[in-house]
Amino acid sequence: MSRQRELTDILNKWAYEYYVLDAPTVSDKEYDAFYDELKKLEAESGEVYPDSPTRRVGGEPIKAFVQYNHIARLYSLDKSVTCEELQAFLTRVSKVAGGGTEYTAEYKFDGLTVCLTYENGEFLRATTRGNGVVGEDVTAQVLTIKSYPMRISYKGTLEVRGEAVIRLSVLKKYNETAAEPLKNARNAAAGAIRNLDPRVTAERRPDIYFYDINYLSDGEPLSQEQAHDFLVKEGFKVFPYFRICRSEEEVLAAIDEIEVGRKTLDVLTDGAVIKVNDAAVREAMGYTDKFPRWAMAYKFEAEEVTTKVVGVVWQVGRTGKLTPLAQLEPVELAGATVRKATLNNYGDILRKDVKIGSRVLIRRSNEVIPEILGATEHTDDSREIEKPTVCPACGTPLNEVGAHLFCPNRGCRPRIAAKLDHYAGKNAMDIEGFSESTAYLLIDKKNVRAFSDLYRLKAEDLKDLEGFKAKKINNLLSAIEKSKTPELDAFIYAIGIDGIGRVAARDLAKRFKGMEELKKAAYDDLIALENIGDITANNVVAYFADGENLRELDALAEVGVTPRAEEAPKGGVFEGESVVLTGSLAHYKRSEAQKIVESLGGVCQSAVTAKTTLVLAGEDAGSKLEKAQKLGVRIIDEAEFERLIGKN
Ligand SMILES: [Zn+2]
């Protein structure tokens, strides 16, 4: 096999792992190095394979969209919004099919429907649904999306159907820097695909979830389950949720599951799709002039609505950062009443053109408080939101750092309350019964300021607090007492170093094994850890260079708070080893291999450094392997790894 063919195959495999399976096995850097090499070979040979990944970039803008007649009509689905309508559909099906018909249940995504055509095993073209009979050719645009294969094993003519969407997290990221934020996720997806400039498509990073086969030239018609399996087998990205329902009860249960599940999805959905599974039953039921009779979209409430902004309050967080929170006219959104929504910072207010008195579009978000996407309409009494110059809580003049405003006063009341609340939280010191309102009470009445003050509280101090009876006092004090021996990682998380979440805290605990060692950690030691980036590494160093922080840590030690370092498994084969994984393993996902290394005493690093003692190199290992060779680090392959862990 030529090097060019080999590179094309490897890059396609990596793209499949990254974009379709969501399980990357190499870093972006390794991918880029191979990609650059392929581009060079293509330039030299003058040949670009039909399935080359270099074809999947945004090309030159096109003049106009070319119309395309679909091989088979792309039907839309009949919709039901009430249980009665859904029940009527199920009854119609059972009349034709008799009892025991199987159904399938899937999410209905709110994006733009696209149709991909393959011939002789090669991707040929992508089109929009259009009116179902005639669509538009969007091949250049869809080529920039990587959630489908360029080559498949099926050799007949094939048309598959999918929904192009933009994930909410991707949209959020895009909007953080975009001159013109994209308000609506559905319009953003449609606008990305139906854009004459494929570079715009690429920039907005849409994704496609494939869910059906629209045309198959050879072979029997497939059931929905077979179509789903076909898509998976050929390397198309499908959404993980796919249910076979063997009764009407199971259909209703699946719809419930979808309605709950959609609230935490990173993609906009507007319903559930219920289809008859069996191809013969489908044929017997046929089509109306608009819809298949054997499928139904059950629509949920909208995930985006408009409402009016009635005011803005600026909240002070534990780092002193001010976050504007919009007060809204109450509105129903995805099954809940919404009264407030976040705006990230003052710049965000300006970019989104949000004013008090204006109507705004809000969207359900993965977090508890929804996000304002932008203003839709201003009224005569709309007025600008003022940028505060002093802290609304303590009156201290604010600092402006980048896009954010900060209250620099460490004694600022809401800052302390948020810090204490975070410290006592479930994932931190886990002080049961301690809430933000407890924090405010203790700050206002008992002069509590620091974490260590909590441990000096006595029962008689708390007696005069409103709502504190003997039992409650007892519970709180024993919960505080119990928190004196936290796991080290929980403690590191609890003290609230900027940017250190639970995962990063665990890395720090594993690597440094104690607060004294962590205090002395250098930037280079920190950045080498898997979940610590440049900014966070600097935050950690800055935190332990601060006299006030160090005094508070001493005070905590004095009152008896002694974090327990997690005992690294003793005698494991990787004890004392700093391990880097690179390339793909045949029998383990990267995360699985990491867990095994850690369970046998090793510490995983993201990059090869002078501290690295061992590199586990799988197939197609790239630059990390080269660096390890240069540094003379011990390198093992998968077979050796399996031997070490006792598999062989
Ligand atoms: Zn303040």
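1. Strands here are DSSP E runs of at least two residues, numbered from the N terminus.

2. Before going on, a word on the basis: this is a predicted model, with local features needing pLDDT of at least 70 and side-chain atom pairs pLDDT 80 or more, while totals for chains, interfaces and linings use all residues. Numbering runs from 1 along each chain as its sequence is written, and side-chain values use heavy atoms, without hydrogens or water.

3. Strand β15 (residues 359-363) pairs with β16 in the antiparallel sense over 5 bridges; pairing requires at least two DSSP bridges. One of the contributing residues, R359, has E377 of β16 as its bridge partner.

4. Now the metal site. SG atoms of C391, C394, C407 and C412 coordinate the zinc ion at 2.2 to 2.3 Å (donors are N, O and S atoms within 2.8 Å of the metal, or 3.2 Å for Na, K and Ca). Because the angles subtended by the 4 donor atoms are 100 to 115 degrees, the arrangement is tetrahedral (four donors, all angles between 85 and 135 degrees). The donor spacing in sequence reads C-x2-C-x12-C-x4-C, and both C407 and C412 are buried.

5. Finally, the largest nonpolar core has 52 residues, with Y423, I431, L454 and L508 making the most contacts inside it. Such a core joins buried Ala, Val, Leu, Ile, Met, Phe, Trp, Tyr and Cys residues through side-chain atoms within 4.5 Å. Another core, apart from this one, has 32 residues, including L86 and Y209.

Definitions and conventions: Buried means under 20% relative accessible area, exposed over 50%, partly exposed in between (1.4 Å probe, protein chains only). Four donors count as tetrahedral if all angles lie between 85 and 135 degrees; four count as square planar and six as octahedral if opposite donors are over 155 degrees apart and all others between 65 and 115; anything else is irregular. Helices (H or I, at least four residues) and strands (E, at least two) are DSSP runs, numbered from the N terminus.
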